[in-house]
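Subject: Structure handover

Hello,

Here is the structure I said I would pass on.

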Amino acid sequence: MGARLLCKTCKSIIESSGPTDEVYCSCGKVGIIGNKPPISIKGRHEDCALVDDKGNEIFVALELPDMSDEEVYKQLMLSINHQIEAMENLSQGARFSPCTNQDLLAHLIWIQAVLKIVDRRLAQASSSRKRKTETKQQA
Ligand SMILES: [Zn+2]
């Protein structure tokens, strides 16, 4: 698995194939250098996204604040199901080949996205508990 980057402007997915290989998207807004750590990404963070082998945006949920938590949760579940499926279908050789720091980063970003939703849910739950207590005190 190499590093794959999606340009949000021109929608092209670029992948660098060598340690000094420098690849830019078709509109030139974002680029990627190297396929092994340290990989460097050119361009603004909000203009691009890390994507998995099937081109699914790994942290799409964070870029769509108008989605409900339920929708975000559903998207994240779909995304992890795709990833598990893809890994289960790997050949023995591919399954036991080493992964890169970039692969680990992609998964950490995914876990972070999930934890942010949990955090938001907990905050909502505690503020509604607070409101209930306040109502009780008034009565
Ligand atoms: Zn582009």
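Overall make-up

Please keep in mind that this is a predicted model. The protein chain has 139 residues, of which 14% count as buried. Its secondary structure consists of three helices and six strands, and along the sequence these follow the pattern β-β-β-β-β-β-α-α-α. Of the contacts in the chain with a separation of 6 or more, 43% are between residues 24 or more positions apart.

Confidence

The mean pLDDT of the protein chain is 78, with 82% of the residues at 70 or more. Among the elements, strand 3 has the highest mean pLDDT, 91, while helix 3 (residues 101–138) has the lowest, 76. The pLDDT falls below 50 over residues 60–64, a stretch that still has nine contacts in the model beyond near neighbours in sequence. Where pLDDT is low, the predicted coordinates should not be read in detail.

The sheet 2-1-6

Three strands make up an open antiparallel sheet in the order 2-1-6. Strand 2 (13–15) and strand 6 (48–50) are the edge strands, each pairing on one side only. Neighbouring strands in this sheet are turned against each other by 30° on average, direction ignored.

Strand 1 (residues 4–7) pairs with strand 6 in the antiparallel sense over three bridges. Strand 1 is also joined to strand 2 by three bridges, again antiparallel. Leu5 takes part on both sides: it stands opposite Leu50 in strand 6 and opposite Ile14 in strand 2. Cys7 stands opposite Cys48 in strand 6.

In a regular strand the side chains alternate between the two faces of the sheet. In strand 1 both faces are covered: Arg4 and Leu6 are buried on one side, Leu5 and Cys7 on the other.

The hairpin and Lys11

Strand 1 and strand 2 form a hairpin with five residues between them. Lys11 lies in the loop between these two strands. Its phi is positive, about 65°, although Lys11 is not a glycine. Is Lys11 buried or exposed? Lys11 counts as exposed because it has 11 C-beta neighbours inside 10 Å, and the cut-off for exposed is 12 or fewer.

The core

Which residues form the largest nonpolar core? The core has nine: Leu5, Leu6, Cys7, Cys25, Val30, Ile32, Cys48, Ala49 and Val51. The largest share, three residues, comes from strand 1.

Cys25, one of the core residues, is in contact with Cys7, Cys10, Ser12, Ile14, Val30 and Gly31, leaving aside its neighbours within four places in sequence. Two of the names in that list, Cys7 and Val30, also belong to the core.

The sheet 3-4-5

There is another open sheet of three strands, with the order 3-4-5 and antiparallel pairing. Its edge strands are strand 3 (22–24) and strand 5 (40–42), and each of them pairs on one side only. The twist from one strand to the next averages 15°. Strand 4 and strand 5 pair over three bridges in the antiparallel sense.

Ile33 is a residue to look at in this part of the model. Ile33 lies in strand 4 (residues 31–33), and its bridge partner in strand 5 is Ser40. Ile33 has 18 C-beta neighbours inside 10 Å and therefore counts as partly exposed, since 20 or more would be needed for buried. Along the chain Ile33 and Pro19 are 14 residues apart, and their C-alpha atoms are separated by 7.3 Å.

If you open the model with these notes at hand, I would go through the sheets, then the core, then the single residues.

Regards

Definitions and conventions: Residues are numbered from 1 along each chain as its sequence is written. This is a predicted model: local features need pLDDT of at least 70, side-chain atom pairs count only at pLDDT 80 or more; totals for chains, interfaces and linings use all residues. Two strands pair if DSSP finds at least two bridges between them. Helices (H or I, at least four residues) and strands (E, at least two) are DSSP runs, numbered from the N terminus. Axes are lines fitted to C-alpha atoms, for helices over the stretch in contact, and angles run from 0 to 180 degrees between N-to-C directions. A nonpolar core is a set of buried Ala, Val, Leu, Ile, Met, Phe, Trp, Tyr and Cys residues joined through C-beta atoms within 7 Å. Two residues are in contact if their C-beta atoms, placed from the backbone, lie within 7 Å. pLDDT is the predictor's confidence in each residue, from 0 to 100.
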